[in-house]
Amino acid sequence: MTIETDIAIIGGGISGLTASYTAIQMGHSFQLFEASTSLGGYLQSDRTDGFLTEWGATTFPGSAADLLSLCEKLSLKPLETSPKAKKRFIVLNQQLNALPMSPLEAITTPVLTTAEKLRVLQEPFIGKTKANDLSLKDFFTRRLGAGVCNNLLDPFVGGIYAGDIDKLSTPAVFPKLWQWEQSKGSIIKGAVLAQKNRWEKNVPTKSELASLGKAKNTKNTRKGMRLFSFEQGMHALPQALSKALPEESLHLNAPVEEIQIQGRHVLVSAKNQTPVKAKAVILATPAYVSAALMASVSQEASQLLKEIEYNALTLVHLGFDADAIQHPLDGFGALIPQKEKMLLLGSIFASSLFVNRAPNNKILLSNFLGGAHHPEIIALPDEAVVEKALENLATILKPQKPLTPVFQSVLRYNKAIPQYTLGHCQRIEAIKDQLNALPLSRFFLCGNYLDSIALNGCVQSAQTAATQASNALANDL
(Lines give C-alpha, C1' and ligand atoms only; values in the text may rest on other atoms or scores of the structure.)
Protein backbone atom coordinates (compact mmCIF):
# COMPACT_ATOMS: atom_id res chain seq x y z
CA MET A 1 0.00 0.00 0.00
CA THR A 2 1.28 3.47 -0.90
CA ILE A 3 0.06 7.06 -0.83
CA GLU A 4 0.25 8.89 -4.15
CA THR A 5 1.12 12.57 -4.29
CA ASP A 6 2.53 15.12 -6.71
CA ILE A 7 5.58 16.14 -4.66
CA ALA A 8 7.39 14.52 -1.74
CA ILE A 9 9.20 17.13 0.35
CA ILE A 10 11.93 15.96 2.69
CA GLY A 11 12.80 18.34 5.53
CA GLY A 12 10.50 20.53 7.61
CA GLY A 13 12.67 23.60 8.15
CA ILE A 14 11.86 26.98 6.64
CA SER A 15 12.90 25.74 3.18
CA GLY A 16 10.70 22.63 3.27
CA LEU A 17 7.72 24.53 4.67
CA THR A 18 8.05 27.28 2.05
CA ALA A 19 8.34 24.70 -0.73
CA SER A 20 5.18 23.01 0.59
CA TYR A 21 3.29 26.30 0.76
CA THR A 22 4.40 27.22 -2.77
CA ALA A 23 3.35 23.79 -4.07
CA ILE A 24 -0.12 24.19 -2.55
CA GLN A 25 -0.43 27.67 -4.08
CA MET A 26 0.37 26.13 -7.47
CA GLY A 27 -2.36 23.52 -7.05
CA HIS A 28 -0.17 20.50 -6.24
CA SER A 29 -0.55 17.89 -3.54
CA PHE A 30 2.45 17.10 -1.34
CA GLN A 31 3.64 14.99 1.56
CA LEU A 32 6.31 16.46 3.87
CA PHE A 33 8.62 14.34 6.04
CA GLU A 34 10.52 15.80 9.01
CA ALA A 35 12.92 13.67 11.06
CA SER A 36 12.50 15.62 14.32
CA THR A 37 9.43 16.18 16.46
CA SER A 38 8.94 19.83 15.43
CA LEU A 39 8.82 21.97 12.31
CA GLY A 40 11.00 25.00 11.61
CA GLY A 41 14.53 23.59 11.90
CA TYR A 42 16.77 26.07 13.74
CA LEU A 43 14.08 28.75 13.48
CA GLN A 44 12.84 28.17 17.02
CA SER A 45 12.05 30.64 19.81
CA ASP A 46 11.89 29.89 23.52
CA ARG A 47 10.54 31.89 26.45
CA THR A 48 11.95 30.92 29.84
CA ASP A 49 11.85 33.01 33.02
CA GLY A 50 10.70 35.98 30.95
CA PHE A 51 13.63 35.79 28.51
CA LEU A 52 12.74 35.26 24.83
CA THR A 53 15.65 33.54 23.07
CA GLU A 54 16.26 32.38 19.51
CA TRP A 55 17.86 29.10 18.44
CA GLY A 56 18.83 30.47 15.02
CA ALA A 57 18.28 33.68 13.09
CA THR A 58 17.43 36.70 15.27
CA THR A 59 16.23 39.14 12.59
CA PHE A 60 15.87 39.61 8.85
CA PRO A 61 16.45 42.78 6.76
CA GLY A 62 13.87 44.95 5.07
CA SER A 63 15.53 44.07 1.77
CA ALA A 64 14.25 40.47 2.13
CA ALA A 65 11.53 41.02 -0.47
CA ASP A 66 10.50 37.36 -0.91
CA LEU A 67 10.29 36.80 2.83
CA LEU A 68 8.25 39.97 3.38
CA SER A 69 5.92 38.98 0.55
CA LEU A 70 5.48 35.57 2.18
CA CYS A 71 4.67 37.25 5.51
CA GLU A 72 2.01 39.34 3.78
CA LYS A 73 0.39 36.25 2.27
CA LEU A 74 0.37 34.62 5.70
CA SER A 75 -1.04 37.77 7.38
CA LEU A 76 2.07 37.76 9.56
CA LYS A 77 3.10 41.22 10.74
CA PRO A 78 6.86 41.85 11.06
CA LEU A 79 8.13 43.78 14.07
CA GLU A 80 10.86 46.37 13.50
CA THR A 81 13.85 46.57 15.82
CA SER A 82 14.13 49.43 18.29
CA PRO A 83 15.90 52.63 17.14
CA LYS A 84 18.34 51.83 19.93
CA ALA A 85 19.70 48.97 17.81
CA LYS A 86 20.98 51.10 14.91
CA LYS A 87 24.67 50.99 15.77
CA ARG A 88 27.03 48.12 14.97
CA PHE A 89 30.16 47.58 17.02
CA ILE A 90 33.57 46.09 16.18
CA VAL A 91 36.00 45.17 18.94
CA LEU A 92 39.54 46.43 18.36
CA ASN A 93 42.22 46.51 21.04
CA GLN A 94 39.59 45.21 23.46
CA GLN A 95 37.47 48.33 22.88
CA LEU A 96 34.00 48.66 21.36
CA ASN A 97 34.11 50.85 18.24
CA ALA A 98 30.96 51.89 16.41
CA LEU A 99 31.03 51.13 12.69
CA PRO A 100 30.79 54.26 10.51
CA MET A 101 27.25 55.00 9.32
CA SER A 102 28.02 58.15 7.28
CA PRO A 103 30.83 59.51 5.05
CA LEU A 104 32.05 61.75 7.90
CA GLU A 105 32.15 58.82 10.31
CA ALA A 106 34.03 56.78 7.70
CA ILE A 107 36.72 59.47 7.62
CA THR A 108 37.03 59.77 11.39
CA THR A 109 36.50 56.14 12.46
CA PRO A 110 39.31 54.52 14.48
CA VAL A 111 38.42 51.13 12.97
CA LEU A 112 40.96 51.85 10.18
CA THR A 113 44.17 53.85 10.37
CA THR A 114 44.77 56.79 8.02
CA ALA A 115 47.08 54.61 5.91
CA GLU A 116 44.41 51.87 5.72
CA LYS A 117 41.77 54.42 4.64
CA LEU A 118 44.08 55.77 1.92
CA ARG A 119 44.68 52.20 0.77
CA VAL A 120 40.92 51.76 0.21
CA LEU A 121 40.95 54.75 -2.14
CA GLN A 122 43.38 52.90 -4.42
CA GLU A 123 40.81 50.18 -5.15
CA PRO A 124 39.44 51.61 -8.45
CA PHE A 125 42.97 51.55 -9.92
CA ILE A 126 43.64 47.87 -9.23
CA GLY A 127 42.98 45.57 -12.20
CA LYS A 128 40.58 42.66 -12.01
CA THR A 129 41.82 39.17 -11.25
CA LYS A 130 42.11 36.52 -13.97
CA ALA A 131 41.37 33.70 -11.53
CA ASN A 132 37.92 32.04 -11.58
CA ASP A 133 37.85 31.90 -7.78
CA LEU A 134 39.65 33.57 -4.88
CA SER A 135 39.44 33.23 -1.11
CA LEU A 136 37.89 36.15 0.73
CA LYS A 137 41.24 36.98 2.29
CA ASP A 138 43.06 37.08 -1.06
CA PHE A 139 40.31 39.08 -2.79
CA PHE A 140 39.81 41.74 -0.12
CA THR A 141 43.48 42.13 0.75
CA ARG A 142 44.26 42.64 -2.94
CA ARG A 143 41.48 45.13 -3.53
CA LEU A 144 41.06 46.99 -0.23
CA GLY A 145 44.11 46.16 1.86
CA ALA A 146 44.95 44.16 4.97
CA GLY A 147 43.26 46.65 7.32
CA VAL A 148 39.81 46.15 5.81
CA CYS A 149 40.42 42.42 5.62
CA ASN A 150 41.47 41.98 9.25
CA ASN A 151 39.40 44.66 10.99
CA LEU A 152 36.13 44.50 9.03
CA LEU A 153 35.86 41.45 6.77
CA ASP A 154 37.13 38.89 9.28
CA PRO A 155 34.68 39.78 12.09
CA PHE A 156 31.81 40.11 9.59
CA VAL A 157 32.46 36.64 8.17
CA GLY A 158 32.95 35.30 11.68
CA GLY A 159 29.57 36.69 12.70
CA ILE A 160 27.66 35.47 9.64
CA TYR A 161 29.39 32.21 8.68
CA ALA A 162 31.52 31.48 11.76
CA GLY A 163 33.99 30.86 8.95
CA ASP A 164 37.60 31.18 7.87
CA ILE A 165 38.33 33.92 5.30
CA ASP A 166 41.27 31.84 4.02
CA LYS A 167 38.89 29.08 2.90
CA LEU A 168 35.66 30.80 1.84
CA SER A 169 35.02 31.61 -1.83
CA THR A 170 34.45 35.24 -2.87
CA PRO A 171 32.11 34.55 -5.84
CA ALA A 172 30.03 32.28 -3.60
CA VAL A 173 29.87 34.52 -0.50
CA PHE A 174 29.84 37.91 -2.26
CA PRO A 175 28.63 37.24 -5.81
CA LYS A 176 27.72 40.88 -6.41
CA LEU A 177 31.17 42.15 -5.44
CA TRP A 178 32.79 39.52 -7.64
CA GLN A 179 30.56 40.53 -10.55
CA TRP A 180 31.37 44.22 -10.07
CA GLU A 181 35.07 43.50 -10.11
CA GLN A 182 34.78 41.35 -13.21
CA SER A 183 32.41 43.65 -15.16
CA LYS A 184 33.44 47.13 -13.93
CA GLY A 185 37.02 46.46 -12.87
CA SER A 186 36.30 47.83 -9.40
CA ILE A 187 33.92 47.06 -6.55
CA ILE A 188 33.71 50.75 -5.65
CA LYS A 189 32.77 51.68 -9.24
CA GLY A 190 30.25 48.84 -9.31
CA ALA A 191 28.68 49.97 -6.03
CA VAL A 192 28.43 53.59 -7.19
CA LEU A 193 26.81 52.62 -10.50
CA ALA A 194 24.40 50.23 -8.78
CA GLN A 195 23.36 52.95 -6.34
CA LYS A 196 22.90 55.39 -9.24
CA ASN A 197 20.70 52.87 -11.09
CA ARG A 198 18.61 52.28 -7.97
CA TRP A 199 18.19 56.02 -7.48
CA GLU A 200 17.15 56.60 -11.10
CA LYS A 201 14.57 53.83 -10.89
CA ASN A 202 13.09 55.35 -7.75
CA VAL A 203 13.04 59.04 -8.68
CA PRO A 204 9.66 60.29 -7.43
CA THR A 205 7.23 62.00 -9.79
CA LYS A 206 6.19 65.63 -9.26
CA SER A 207 2.95 64.52 -7.60
CA GLU A 208 4.85 62.16 -5.29
CA LEU A 209 7.26 64.95 -4.36
CA ALA A 210 4.31 67.21 -3.62
CA SER A 211 2.70 64.60 -1.36
CA LEU A 212 6.00 64.07 0.43
CA GLY A 213 6.25 67.81 0.97
CA LYS A 214 2.82 67.87 2.58
CA ALA A 215 3.50 64.87 4.77
CA LYS A 216 4.29 65.47 8.42
CA ASN A 217 6.88 63.54 10.41
CA THR A 218 8.02 61.68 7.31
CA LYS A 219 10.13 58.69 8.34
CA ASN A 220 13.19 57.34 6.58
CA THR A 221 11.81 55.01 3.91
CA ARG A 222 15.04 53.09 3.35
CA LYS A 223 13.35 49.86 4.37
CA GLY A 224 16.26 47.74 3.24
CA MET A 225 18.40 49.17 6.04
CA ARG A 226 15.91 48.19 8.72
CA LEU A 227 15.71 44.87 10.59
CA PHE A 228 12.65 42.85 11.59
CA SER A 229 11.47 39.88 13.61
CA PHE A 230 8.07 39.01 15.09
CA GLU A 231 6.41 39.80 18.40
CA GLN A 232 6.89 36.27 19.74
CA GLY A 233 10.16 35.55 17.96
CA MET A 234 11.27 34.10 14.66
CA HIS A 235 9.43 30.81 15.20
CA ALA A 236 6.26 32.71 14.28
CA LEU A 237 7.20 32.25 10.60
CA PRO A 238 7.36 28.41 10.46
CA GLN A 239 4.38 28.35 12.81
CA ALA A 240 2.30 30.44 10.40
CA LEU A 241 3.44 28.33 7.44
CA SER A 242 2.54 25.05 9.12
CA LYS A 243 -0.92 26.36 10.02
CA ALA A 244 -1.48 27.23 6.34
CA LEU A 245 -0.74 23.63 5.27
CA PRO A 246 -2.99 20.55 5.46
CA GLU A 247 -2.18 18.73 8.69
CA GLU A 248 -2.52 15.31 7.08
CA SER A 249 0.37 16.15 4.71
CA LEU A 250 2.84 16.90 7.53
CA HIS A 251 4.69 13.94 9.03
CA LEU A 252 6.85 14.54 12.13
CA ASN A 253 9.32 12.11 13.70
CA ALA A 254 9.50 10.55 10.24
CA PRO A 255 13.10 10.31 8.98
CA VAL A 256 13.24 9.19 5.37
CA GLU A 257 15.08 5.87 5.13
CA GLU A 258 15.13 5.24 1.38
CA ILE A 259 14.41 6.83 -1.99
CA GLN A 260 13.86 4.64 -5.03
CA ILE A 261 13.08 5.44 -8.65
CA GLN A 262 10.18 3.29 -9.84
CA GLY A 263 9.32 3.92 -13.47
CA ARG A 264 8.13 7.51 -13.72
CA HIS A 265 7.66 7.86 -9.98
CA VAL A 266 9.84 8.06 -6.88
CA LEU A 267 9.07 5.84 -3.89
CA VAL A 268 9.86 7.57 -0.60
CA SER A 269 9.98 5.36 2.50
CA ALA A 270 10.04 7.00 5.93
CA LYS A 271 10.16 5.46 9.39
CA ASN A 272 6.71 4.51 10.76
CA GLN A 273 5.01 5.97 7.66
CA THR A 274 3.12 4.56 4.71
CA PRO A 275 5.43 4.72 1.64
CA VAL A 276 4.69 7.63 -0.68
CA LYS A 277 4.77 7.42 -4.46
CA ALA A 278 5.59 10.88 -5.79
CA LYS A 279 6.05 12.40 -9.23
CA ALA A 280 8.78 14.73 -7.95
CA VAL A 281 10.97 15.07 -4.87
CA ILE A 282 12.26 18.23 -3.19
CA LEU A 283 15.20 17.74 -0.83
CA ALA A 284 15.01 20.51 1.78
CA THR A 285 17.54 18.89 4.11
CA PRO A 286 21.14 19.92 4.96
CA ALA A 287 23.74 18.92 2.37
CA TYR A 288 25.06 16.00 4.44
CA VAL A 289 21.53 14.59 4.89
CA SER A 290 20.76 15.08 1.20
CA ALA A 291 24.03 13.27 0.39
CA ALA A 292 22.93 10.18 2.34
CA LEU A 293 19.45 10.21 0.76
CA MET A 294 20.82 10.57 -2.78
CA ALA A 295 23.35 7.72 -2.45
CA SER A 296 20.90 5.18 -3.90
CA VAL A 297 19.93 7.52 -6.77
CA SER A 298 23.16 9.26 -7.83
CA GLN A 299 26.53 8.41 -6.29
CA GLU A 300 28.07 11.39 -8.10
CA ALA A 301 25.61 13.91 -6.68
CA SER A 302 25.88 12.28 -3.25
CA GLN A 303 29.67 12.60 -3.22
CA LEU A 304 29.55 16.26 -4.26
CA LEU A 305 27.02 17.02 -1.52
CA LYS A 306 29.33 15.38 1.03
CA GLU A 307 32.06 17.86 0.10
CA ILE A 308 30.07 20.79 1.48
CA GLU A 309 31.51 21.55 4.91
CA TYR A 310 29.67 22.71 8.04
CA ASN A 311 31.03 24.49 11.13
CA ALA A 312 30.28 23.72 14.73
CA LEU A 313 28.84 26.58 16.77
CA THR A 314 27.87 27.13 20.40
CA LEU A 315 25.22 29.69 21.31
CA VAL A 316 25.15 31.03 24.86
CA HIS A 317 22.23 33.20 25.96
CA LEU A 318 22.99 35.16 29.13
CA GLY A 319 20.64 37.33 31.17
CA PHE A 320 21.84 39.96 33.66
CA ASP A 321 20.44 42.58 35.98
CA ALA A 322 20.28 45.87 34.07
CA ASP A 323 22.75 47.58 36.38
CA ALA A 324 25.38 44.84 35.89
CA ILE A 325 26.60 46.47 32.66
CA GLN A 326 27.25 50.20 32.44
CA HIS A 327 27.61 50.31 28.66
CA PRO A 328 24.32 51.55 27.12
CA LEU A 329 24.29 48.60 24.70
CA ASP A 330 23.00 51.06 22.13
CA GLY A 331 23.41 48.84 19.09
CA PHE A 332 22.61 45.54 17.43
CA GLY A 333 25.69 43.92 18.91
CA ALA A 334 29.43 43.49 18.59
CA LEU A 335 31.66 41.42 16.29
CA ILE A 336 35.16 40.36 17.24
CA PRO A 337 38.10 39.86 14.82
CA GLN A 338 40.43 36.88 15.21
CA LYS A 339 43.30 39.27 15.90
CA GLU A 340 41.71 39.98 19.31
CA LYS A 341 42.40 36.33 20.23
CA MET A 342 39.05 35.76 21.94
CA LEU A 343 36.84 32.68 21.81
CA LEU A 344 33.79 34.88 21.37
CA LEU A 345 32.85 35.51 17.72
CA GLY A 346 30.22 38.07 18.55
CA SER A 347 27.43 39.11 20.87
CA ILE A 348 23.92 40.29 19.98
CA PHE A 349 22.39 42.82 22.38
CA ALA A 350 19.06 41.02 22.18
CA SER A 351 17.21 43.11 24.76
CA SER A 352 18.21 46.27 22.87
CA LEU A 353 16.51 44.97 19.71
CA PHE A 354 13.03 44.38 21.11
CA VAL A 355 11.50 45.42 24.43
CA ASN A 356 9.98 42.00 25.17
CA ARG A 357 13.20 39.96 24.96
CA ALA A 358 13.96 40.32 28.67
CA PRO A 359 11.97 41.09 31.84
CA ASN A 360 11.94 44.62 33.24
CA ASN A 361 15.32 45.72 34.58
CA LYS A 362 17.06 42.79 32.91
CA ILE A 363 19.45 42.49 29.94
CA LEU A 364 19.76 39.63 27.43
CA LEU A 365 22.93 39.00 25.42
CA SER A 366 23.16 36.23 22.81
CA ASN A 367 26.75 35.08 22.35
CA PHE A 368 28.39 32.93 19.67
CA LEU A 369 31.51 30.83 20.24
CA GLY A 370 33.42 28.25 18.24
CA GLY A 371 33.23 28.28 14.47
CA ALA A 372 36.09 27.50 12.10
CA HIS A 373 38.86 28.74 14.40
CA HIS A 374 37.73 27.15 17.67
CA PRO A 375 35.90 23.87 16.95
CA GLU A 376 36.97 22.52 20.35
CA ILE A 377 34.43 24.75 22.13
CA ILE A 378 31.55 22.44 21.17
CA ALA A 379 32.93 19.70 23.46
CA LEU A 380 33.23 21.83 26.61
CA PRO A 381 30.67 21.41 29.43
CA ASP A 382 28.10 24.15 29.93
CA GLU A 383 29.90 25.65 32.92
CA ALA A 384 33.14 26.04 30.97
CA VAL A 385 31.42 27.56 27.93
CA VAL A 386 29.56 30.10 30.09
CA GLU A 387 32.80 30.95 31.88
CA LYS A 388 34.60 31.62 28.56
CA ALA A 389 31.72 33.80 27.36
CA LEU A 390 31.65 35.81 30.61
CA GLU A 391 35.40 36.30 30.48
CA ASN A 392 35.28 37.73 26.95
CA LEU A 393 32.21 39.87 27.67
CA ALA A 394 33.94 41.36 30.69
CA THR A 395 36.91 42.26 28.49
CA ILE A 396 34.86 44.20 25.96
CA LEU A 397 32.03 45.61 28.16
CA LYS A 398 34.23 46.42 31.17
CA PRO A 399 31.65 46.06 33.97
CA GLN A 400 32.55 47.47 37.36
CA LYS A 401 31.79 44.15 39.07
CA PRO A 402 32.16 40.50 37.97
CA LEU A 403 29.34 39.50 35.64
CA THR A 404 26.87 37.13 37.29
CA PRO A 405 24.09 35.85 35.01
CA VAL A 406 20.56 35.53 36.34
CA PHE A 407 19.66 33.42 33.30
CA GLN A 408 21.67 31.19 31.01
CA SER A 409 21.03 28.80 28.13
CA VAL A 410 23.62 26.86 26.12
CA LEU A 411 22.81 25.47 22.67
CA ARG A 412 25.23 23.37 20.61
CA TYR A 413 25.20 22.79 16.86
CA ASN A 414 27.71 20.26 15.56
CA LYS A 415 26.86 21.19 11.99
CA ALA A 416 25.51 24.70 12.20
CA ILE A 417 26.38 26.75 9.11
CA PRO A 418 27.32 25.53 5.59
CA GLN A 419 30.69 26.83 4.44
CA TYR A 420 30.96 28.17 0.89
CA THR A 421 34.56 27.04 0.47
CA LEU A 422 36.68 27.54 -2.67
CA GLY A 423 35.03 25.92 -5.67
CA HIS A 424 31.54 26.15 -4.14
CA CYS A 425 29.81 27.63 -7.21
CA GLN A 426 31.26 24.97 -9.49
CA ARG A 427 30.35 22.27 -6.96
CA ILE A 428 26.69 23.35 -6.81
CA GLU A 429 26.45 23.50 -10.62
CA ALA A 430 27.94 20.01 -10.84
CA ILE A 431 25.35 18.68 -8.37
CA LYS A 432 22.51 20.17 -10.40
CA ASP A 433 23.98 18.73 -13.60
CA GLN A 434 24.06 15.27 -12.02
CA LEU A 435 20.41 15.54 -10.98
CA ASN A 436 19.37 16.76 -14.43
CA ALA A 437 21.21 13.83 -16.03
CA LEU A 438 19.16 11.23 -14.14
CA PRO A 439 16.74 9.11 -16.22
CA LEU A 440 13.97 10.71 -14.16
CA SER A 441 14.88 14.38 -13.73
CA ARG A 442 12.50 14.96 -10.85
CA PHE A 443 14.85 15.75 -7.98
CA PHE A 444 15.14 19.36 -6.79
CA LEU A 445 17.21 20.95 -4.03
CA CYS A 446 16.61 23.88 -1.71
CA GLY A 447 18.26 25.17 1.43
CA ASN A 448 20.94 27.43 2.82
CA TYR A 449 23.90 25.45 1.42
CA LEU A 450 23.15 26.37 -2.21
CA ASP A 451 23.31 30.10 -2.98
CA SER A 452 22.63 32.02 0.25
CA ILE A 453 22.66 31.21 3.96
CA ALA A 454 20.26 34.10 4.62
CA LEU A 455 16.64 33.43 5.54
CA ASN A 456 15.44 35.19 2.40
CA GLY A 457 17.77 32.97 0.38
CA CYS A 458 16.11 29.89 1.87
CA VAL A 459 12.69 31.23 0.89
CA GLN A 460 13.92 31.99 -2.64
CA SER A 461 15.50 28.57 -3.16
CA ALA A 462 12.38 26.82 -1.84
CA GLN A 463 10.10 28.78 -4.17
CA THR A 464 12.43 28.04 -7.08
CA ALA A 465 12.49 24.31 -6.29
CA ALA A 466 8.70 24.15 -6.04
CA THR A 467 8.34 26.04 -9.33
CA GLN A 468 10.81 23.70 -11.05
CA ALA A 469 8.93 20.68 -9.71
CA SER A 470 5.64 22.17 -10.93
CA ASN A 471 7.09 22.76 -14.41
CA ALA A 472 8.37 19.17 -14.52
CA LEU A 473 4.91 17.88 -13.68
CA ALA A 474 3.33 20.13 -16.29
CA ASN A 475 5.56 18.57 -18.96
CA ASP A 476 3.85 15.23 -18.33
CA LEU A 477 0.48 16.55 -19.45
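Colleague: How many aromatic pairs does a search of the whole structure find?

Modeller: The search finds eleven. Rings of Phe, Tyr and Trp (its six-membered ring) count as a pair if their centres lie within 6.5 Å; planes under 30 degrees apart are stacked, over 60 edge-to-face, and the rest tilted.

Colleague: What makes phenylalanine 51 and phenylalanine 407 a stacked pair?

Modeller: Their centres are 4.6 Å apart and their planes meet at 15°, so the pair is stacked. Phenylalanine 51 belongs to strand E4 (residues 51-54) and phenylalanine 407 to strand E18 (residues 407-419), so the pair ties together parts 356 residues apart in sequence. Strands here are DSSP runs of at least two residues, numbered from the N terminus.

By the way, this is a predicted model, where local features need pLDDT of at least 70, side-chain atom pairs count only at pLDDT 80 or more, and totals for chains, interfaces and linings use all residues. Residues are numbered from 1 along each chain as its sequence is written, and side-chain values use heavy atoms, leaving out hydrogens and water.

Colleague: Is phenylalanine 51 buried or exposed, and how do you know?

Modeller: Buried means under 20% relative accessible area, exposed over 50%, and partly exposed in between (1.4 Å probe, protein chains only). Phenylalanine 51 has 3%, so it is buried. Phenylalanine 407, at 6%, counts as buried too.

Colleague: Why do you say that the charged end of lysine 415 sits over the ring of tyrosine 288?

Modeller: The rule asks for NZ of Lys or CZ of Arg within 6 Å of the ring centre and within 35 degrees of the ring normal. The charged end of lysine 415 is 4.3 Å from the centre of the tyrosine 288 ring and is counted as sitting over it.

Note on methods:
Helix = DSSP H or I, 4+ residues; strand = E, 2+ residues; numbered from the N terminus.
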